[in-house]
Amino acid sequence: ILIFFSFLTTIYAYFFQNNFLIVAGVLAWLSSALLFFTLKHKKILLILLSLSFSAFLFSYINGFKIDFLKAFTVNQYLLTLLIAVGFLKLIASPKKEKNHLLPKGKQSFIKTYLSVHLFGSVINISSLLLVADKMYKKSPLNPAQIVLLTRAFASDAYWSPFFVAFAAAITYAPNLQTYTIISFGIFLAITAFMITYFDVTKDKKFNIDEFNGYPLSLETLYLPIILAILVLSTHYFFPNLKVIVLISTFSILMTLFILPLKKNFSEALKILKYHILNELPKMKSEISLFLVAGLFGILIGSVLTGLNFSLPFEVFDYKVASLLLLIFILLAFIGIHPIITIAMIGDFFVNANHTLLAMTFLMAWSTTVSTSPISGLNLTIVARYNCSAKEIFMLNIFYALKMYIVCVICLFVLSKYLNI
């Protein structure tokens, strides 16, 4: 209930009374505190909280300025998108498929990849779980299936405005050019698919001719398309409105409008009640991480600002962006989530070109999520489908290297396009 009211209060604060954002932040932190002891993986959160407290003490003792409002609410809109997408899956989840007459081989691989990618771009990890559950019921996941699931889903982060990565990017680079980002991101997603398809068809260990996939019905894509049209057209006429707030608002409005049409009113109420009471608390890991990462980033920023820290370059161009992307990837491989790195450095790039910066953030998120053994995606696959984290890493490490090279070329082109 606290999570839900935090969600509603954030949208209200944005459109009507901005100082209400702190109320939304308090509700989110309260919900996180209540759920904290039920978390399985607390280590990274405890480390971040300890470092945040140390940074606070250091800033306080030295008289450095601390923006407490920002510290507790910096990722509030990001959380709102995360919650909104959860509601969206109530109406956007594809229908149950009949398992007979499903294609095998390359055709099946392509259709299944597109299913996971297109639905994942809107309903996030739910699409991956729908497909992976069907695969796992038949037999343990084989290398081709693991590669498909990780890469098809992770490559959504390159372009999808409905993805949490996009929300993180827009939080710390609010002046980005939305259509430029989406255009370059779609190119990267297509390139990721082509690299993946080439990998699985040329390497015999994937045995692609015997691949069994579970394509989802593309008929239900009309919902994501309607949402995309609503968000992008509204943003076109009102460019000052945050894209992530528009997505969150239209997601809940569409859910409230379409769910009673698909079911009946009383059934819709039951589904909404169940979702709020049982499904929202399952987001506890992401909610806690985003809240604590935001707090940590702002407090570390206060220390660095107080110490007159400055970046060792004057212009944020493709060279600096490429180096930053490499640092993101290496840090992710040793266990530091991209959101933590983004929160740490975000404030120091306020004068950089936000489109180039946001593209770097999205590239980092997508490239690391598919490969890092400790990413949320791979931890889910390891825990739910009894896979090996080492196997996932080895299957995707050379893919990550190839995508890094493609990303560097893209950053160069984008830099020239933006006249940097």
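## Second largest pocket

The lining of the second largest pocket divides by class into 10 nonpolar, 6 polar and 3 charged residues. The structure is a predicted model. The volume of this pocket is about 410 Å³, and 19 residues line the pocket. Those nearest its centre are K70, V74, Y77, T171 and K242.

Helix 2, helix 4 (68-73) and helix 9 (164-172) are the elements that give two or more residues to the lining of the second largest pocket.

Rolling a probe the size of a water molecule over the atoms shows where empty space is left. In this model there is 1 cavity of 30 Å³ or more. The largest cavity holds about 40 Å³ of space.

Its lining consists of I3, S6, A28, S31, Q76, L79, I83 and I287. By class these are 5 nonpolar and 3 polar residues, with no charged residues. At least two lining residues come from each of helix 1 (2-15), helix 2 (21-35) and helix 5 (76-92). Helix 5 provides the largest share, 3 residues.

## Helix 15 and helix 19

Two packed helices are described by the angle between their axes and the distance between the axes. For helix 15 (residues 318-333) and helix 19 (residues 389-417), the axes come within 9 Å and cross at roughly 160 degrees. Helix 15 is therefore roughly antiparallel to helix 19, an angle over 145 degrees being counted as such. The crossing of helix 15 and helix 19 is right-handed.

On the helix 15 side, the contact is made by Y318, A321, S322, L323, L325, L326, I329 and F333. Helix 19 contributes F393, I397, Y404, C407, V408, L411, F412 and S415. The contact of helix 15 with helix 19 has 14 nonpolar and 2 polar residues, and no charged residues.

## Helix 16 and helix 17

Helix 16 (residues 338-345) packs against helix 17 (residues 354-369) at an angle of about 160 degrees, and their axes are 10 Å apart. This angle makes helix 16 roughly antiparallel to helix 17. Helix 16 passes helix 17 with right-handed geometry.

From helix 16, P338, I339, I342 and I345 make the contact; from helix 17, the contacting residues are F361, W365 and T368. By class, the contact of helix 16 with helix 17 has 6 nonpolar residues, 1 polar residue and no charged residues.

Definitions and conventions: Residues numbered from 1 in each chain as written. Predicted model: local features only at pLDDT ≥ 70, side-chain atom pairs only at ≥ 80, totals over all residues. Heavy atoms only, no water. 1 Å grid on protein atoms, 1.4 Å probe; cavity = no way out; pocket = protein on both sides within 12 Å on 5 of 7 lines; lining within 4 Å. Points joined across faces, edges and corners; volume = space filled by probe spheres on them. Helix = DSSP H or I, 4+ residues; strand = E, 2+ residues; numbered from the N terminus. Nonpolar A, V, L, I, M, F, W, Y, C, P; charged D, E, K, R; others polar. Axes fitted to C-alpha atoms, helices over the stretch in contact; angles between N-to-C directions. Parallel < 35°, antiparallel > 145°, perpendicular 65-115°, else oblique. Left-handed = near helix turned anticlockwise from the far one by under 90°. Contact = heavy atoms within 4.5 Å.
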